[in-house]
Amino acid sequence: MNLTVSYADALLYAQGRLKMLGSGELKPFCETHQLTYTNIVNLKNGKLKREEPRLVQRVLSSLGLSAQQLHFPLTGQTTWFVLPDAEALASFQAQLHFLTVPKA
């Protein structure tokens, strides 16, 4: 359990990383990773109509971050992502901090 990140944090991370792509790079990114452009734009802009854990997982993977889905508690609908090791978790947390802390 200490290698998990919440759906909300994974979503913020994915949105932040997608926003870092340069002008005109989103469509080629989608084509390269076989992602639906409209879904990725909606994810990037926070306009998904419901939670999309599989889409977030695919984006994380496309960004080089291997993560497995975990539903916890088992009877609940809450999605978590398990990262492969402590190094991946530390990198995720540092990048998420960079992406979400307001810049002065």
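Trainee: Which residues in H1 meet residues in H5?

Mentor: Keep in mind that this is a predicted model. Asp-9, Ala-10, Leu-12, Tyr-13, Gly-16 and Arg-17 are the ones in H1, and they meet Phe-92, Gln-95, Leu-96, Leu-99 and Thr-100 in H5. Sorted by type, the residues of this contact are 6 nonpolar, 3 polar and 2 charged.

Trainee: At what angle do H1 and H5 pack?

Mentor: About 65°, and their axes are 9 Å apart. H1 passes H5 in a left-handed crossing.

Trainee: Why is Gln-57 called buried?

Mentor: Buried means under 20% relative accessible area. Gln-57 has 19%, so it gets the label.

Trainee: And what does the side chain of Gln-57 reach?

Mentor: The backbone oxygen of Ala-67, at 2.8 Å. Gln-57 itself lies in helix H4. Setting aside neighbours within four places in sequence, Gln-57 is in contact with Ala-67, Gln-68, Gln-69 and Phe-81.

Trainee: What makes Glu-52 and Arg-50 a salt bridge?

Mentor: The cut-off is 4 Å between a side-chain nitrogen of Lys or Arg and a carboxyl oxygen of Asp or Glu. Here the closest N and O atoms are 3.5 Å apart, so the pair qualifies. A search of the whole structure finds 1 salt bridge.

Trainee: How do you know whether Arg-50 is buried or exposed?

Mentor: Exposed means over 50%. Arg-50 has 59% relative accessibility, so it counts as exposed. Glu-52 has a relative accessible area of 23%, so it is called partly exposed.

Note on methods
Residues are numbered from 1 along each chain as its sequence is written. This is a predicted model: local features need pLDDT of at least 70, side-chain atom pairs count only at pLDDT 80 or more; totals for chains, interfaces and linings use all residues. Side-chain values use heavy atoms; hydrogens and water are left out. Axes are lines fitted to C-alpha atoms, for helices over the stretch in contact, and angles run from 0 to 180 degrees between N-to-C directions. Helices (H or I, at least four residues) and strands (E, at least two) are DSSP runs, numbered from the N terminus. A crossing is left-handed if the near helix is turned anticlockwise from the far one by less than a right angle, and right-handed if clockwise. Contact means heavy atoms within 4.5 Å. Ala, Val, Leu, Ile, Met, Phe, Trp, Tyr, Cys and Pro count as nonpolar, Asp, Glu, Lys and Arg as charged, and the others, Gly among them, as polar. Buried means under 20% relative accessible area, exposed over 50%, partly exposed in between (1.4 Å probe, protein chains only). A polar contact is a pair of N or O atoms within 3.5 Å; within protein, one must be able to donate a hydrogen and the other to accept it, and residues adjacent in sequence count only if both atoms are side-chain atoms.
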